[in-house]
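Hi everyone, thanks for making time for this one. I'd like to walk you through a structure, so let me put it up on the screen.

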Amino acid sequence: MSVNITFLVVTGVLLAAGFYLVLERTLTRVLLGIMLLGNGINLLLLTSGGRKGAAPLFNPEVPADEYSDPLPQALILTAIVITFAVTAFLLAMIYRSWTLTSADELTDDTEDIKVSQKTAYDEEEDSPVAEDTTEFVDEEGRPVREGEE
């Protein structure tokens with residue numbers, strides 16, 4: 001099996017551009033990034049399918065290594081459906097955001113900012129324990145602590 005380097009380079013460019021667009025702050029660019037990621041993954045699956053072969057329909061005169069693998073084709077069809085559903089969902093979100101705010105840019109939520117600025121210390125969970133208590137005792141009746149034998 002020989003790998004077509006052009007497909008791999010195009011796949012890498014699609015995935016890189018898709019990841020870049022997904023990290024943007026506007027929903028339209030996130031939508032374009034999701035679409036590019038979906039196309040890049042489909043091209044990667046197509047490339048991983050191997051060489052072109054006969055249709056995977058049984059024919060006794062055709063040896064087994066002459067058939068093409070149907071699994072990448074099935075995965076691509078599934079990925080197309082999933083990408084279409086995510087695209088429809090994002091389009092609905094973009095439309096709803098546009099009708100409510102007349103803006104496509106996402107802003108930081110004030111509650112998220114408050115949560116991110118809070119300290120991670122929790123009094124109930126992080127306070128020191130005064131004494132280790134255990135139900136395990138040695139032969140003499142003394143409590144066994146971790147690391148002791």
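**Spans, a helix pair and one asparagine**

Let's begin with the span at residues 70-95, which is 96% helix and 0% strand, with its end C-alpha atoms 38 Å apart. Please keep in mind that this is a predicted model.

Where does that span come from? The UniProt record, an unreviewed entry, gives "transmembrane region" at residues 6-23, 30-50 and 70-95. Take residues 30-50 from that list: here the chain is 90% helix, again with 0% strand, and 31 Å separates the end C-alpha atoms.

Now, on to how two of the helices pack. Helix α1 covers residues 5-22 and helix α2 covers residues 27-48, and their axes come within 7 Å of each other, crossing at roughly 155°. Angles over 145 degrees count as roughly antiparallel, so that is how α1 runs relative to α2. As for handedness, α1 passes α2 in a left-handed crossing. And what kinds of residues make up the contact of α1 with α2? By class, there are 17 nonpolar residues, six polar ones and one charged.

Is N42 buried or exposed? Its relative accessible area is 11%, and the cut-off for buried is under 20%, so N42 counts as buried. Which residues does N42 touch, leaving aside those up to four places away in sequence? They are I76, A79 and I80.

That's my tour, and I'm happy to go back to any part of it.

Notes: Residues are numbered from 1 along each chain as its sequence is written. This is a predicted model: local features need pLDDT of at least 70, side-chain atom pairs count only at pLDDT 80 or more; totals for chains, interfaces and linings use all residues. Side-chain values use heavy atoms; hydrogens and water are left out. UniProt positions are given in the numbering used here, feature names are shortened, and annotations may be inferred rather than shown by experiment. Helices (H or I, at least four residues) and strands (E, at least two) are DSSP runs, numbered from the N terminus. Axes are lines fitted to C-alpha atoms, for helices over the stretch in contact, and angles run from 0 to 180 degrees between N-to-C directions. Angles under 35 degrees count as roughly parallel, over 145 as roughly antiparallel, 65 to 115 as roughly perpendicular and the rest as oblique. A crossing is left-handed if the near helix is turned anticlockwise from the far one by less than a right angle, and right-handed if clockwise. Ala, Val, Leu, Ile, Met, Phe, Trp, Tyr, Cys and Pro count as nonpolar, Asp, Glu, Lys and Arg as charged, and the others, Gly among them, as polar. Buried means under 20% relative accessible area, exposed over 50%, partly exposed in between (1.4 Å probe, protein chains only). Contact means heavy atoms within 4.5 Å.
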